[in-house]
Amino acid sequence: MVVESNCEIPENLLYYIEGKNTVWAKQESADVILVGITDIAQTMAGKIVKVRIKKKGIKVERGRPLATMESGKWAGPVPAPVSGEIIDVNAEAEKDPVIINRDPYGKGWLVRMKITNPEELKQLYTGEQAIQKLKELIASEKISCKRL
């Protein structure tokens with residue numbers, strides 16, 4: 001685990017980083033990933049008050065929304081890190097969205113996806129490259145992470 005400005009960056013995850021959108025993916029098997037937002041994203045959003053996650057069985061393209069979130073100061077989409085089908089949804093996060101703020105890499109996960117194009121995994125940031133990219137975002141946005 002790398003910590004930069006109080007932001008946790010687990011080294012074992014894959015990251016989709018597009019502008020200020022930062023989403024993590026954890027490979028659970030060859031074609032299944034768990035997806036959530038990063039510590040940086042939850043800090044930038046502030047207290048999350050509402051999450052709408054697409055239903056099980058819905059297919060999403062890489063970069064298209066798999067959920068939308070609202071906080072006191074922000075509302076927007078959570079992009080899919082790869083194309084695939086949503087096979088599980090975190091109902092707990094929909095009921096009590098603040099768990100995304102409290103535990104973005106654990107109980108605050110959003111969806112489990114079946115990957116339709118495994119090649120897309122190679123487009124995600126990993127390891128040192130991901131850490132560097134996220135550190136740059138933290139610096140450019142002057143972010144210091146905090147959990148609620």
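Predicted model: local features only at pLDDT ≥ 70, side-chain atom pairs only at ≥ 80, totals over all residues.
User: Why is N101 called buried?

Analyst: Its relative accessible area is 0%. The cut-off for buried is under 20%. N101 therefore counts as buried.

User: Where does N101 sit?

Analyst: In helix α3, residues 98–102.

User: Which residues does N101 touch beyond its sequence neighbours?

Analyst: Leaving out residues up to four places away, N101 touches Q42, G46, K47, I48, R147 and L148.

User: Why is Q42 called buried?

Analyst: Q42 has a relative accessible area of 1%. Buried means under 20%, so Q42 qualifies. This residue lies in helix α1.

User: How do you know that Q42 and N101 are linked through their side chains?

Analyst: The two side chains make a polar contact at 2.9 Å. The limit is 3.5 Å, so the pair falls within it.

User: What else lies by the side chain of Q42?

Analyst: The backbone oxygen of K146 lies 3.0 Å from a polar atom of that side chain. Beyond four places in sequence, the contacts of Q42 are I37, I100, N101, P104, K146 and R147.

User: I37 is on that list. Is I37 buried or exposed?

Analyst: Buried. I37 has 5% relative accessibility, and the cut-off is under 20%, so the label holds. I37 is found in strand β5.

User: Which residues does I37 touch?

Analyst: Not counting residues up to four places away, they include T22, V23, W24, Q42, I48 and M69. V78, I100, P104 and L110 are also touched by I37.

User: Why does L34 count as buried?

Analyst: L34 stands at 10% relative accessibility. That is under 20%, so L34 is buried. Its place is in strand β5, residues 32–37. Among its contacts outside four places in sequence are W24, W109 and V111.

User: How far apart are the C-alpha atoms of L34 and K114?

Analyst: They are separated by 9.2 Å, although the residues are 80 apart along the chain.

User: What makes L66 stand out in the largest nonpolar core?

Analyst: That core has 30 residues. L66, L110 and M113 touch the most other members. The contacts of L66 beyond four places in sequence include V35, I53, V60, V78, I86, L110, V111 and M113. A second, separate core has 18 residues, V2, I9, A130 and L134 among them.

User: How many residues line the largest pocket, and which lie nearest its centre?

Analyst: The lining has 13 residues, with K20, N21, A41, M44 and W74 nearest the centre. The volume of this pocket is about 200 Å³. β4 (21–29), α1 (39–45) and β9 (75–79) each supply at least two lining residues.

User: What classes of residue make up the lining of the largest pocket?

Analyst: There are 10 nonpolar, two polar and one charged residues.

Key. Residues numbered from 1 in each chain as written. Heavy atoms only, no water. Helix = DSSP H or I, 4+ residues; strand = E, 2+ residues; numbered from the N terminus. Buried < 20%, exposed > 50% of the residue type's maximum accessible area, 1.4 Å probe, protein only. Contact = heavy atoms within 4.5 Å. 1 Å grid on protein atoms, 1.4 Å probe; cavity = no way out; pocket = protein on both sides within 12 Å on 5 of 7 lines; lining within 4 Å. Points joined across faces, edges and corners; volume = space filled by probe spheres on them. Nonpolar A, V, L, I, M, F, W, Y, C, P; charged D, E, K, R; others polar. Core = buried A, V, L, I, M, F, W, Y, C linked by side-chain atoms within 4.5 Å. Polar contact = N/O pair within 3.5 Å; in protein donor to acceptor, adjacent residues only side chain to side chain.
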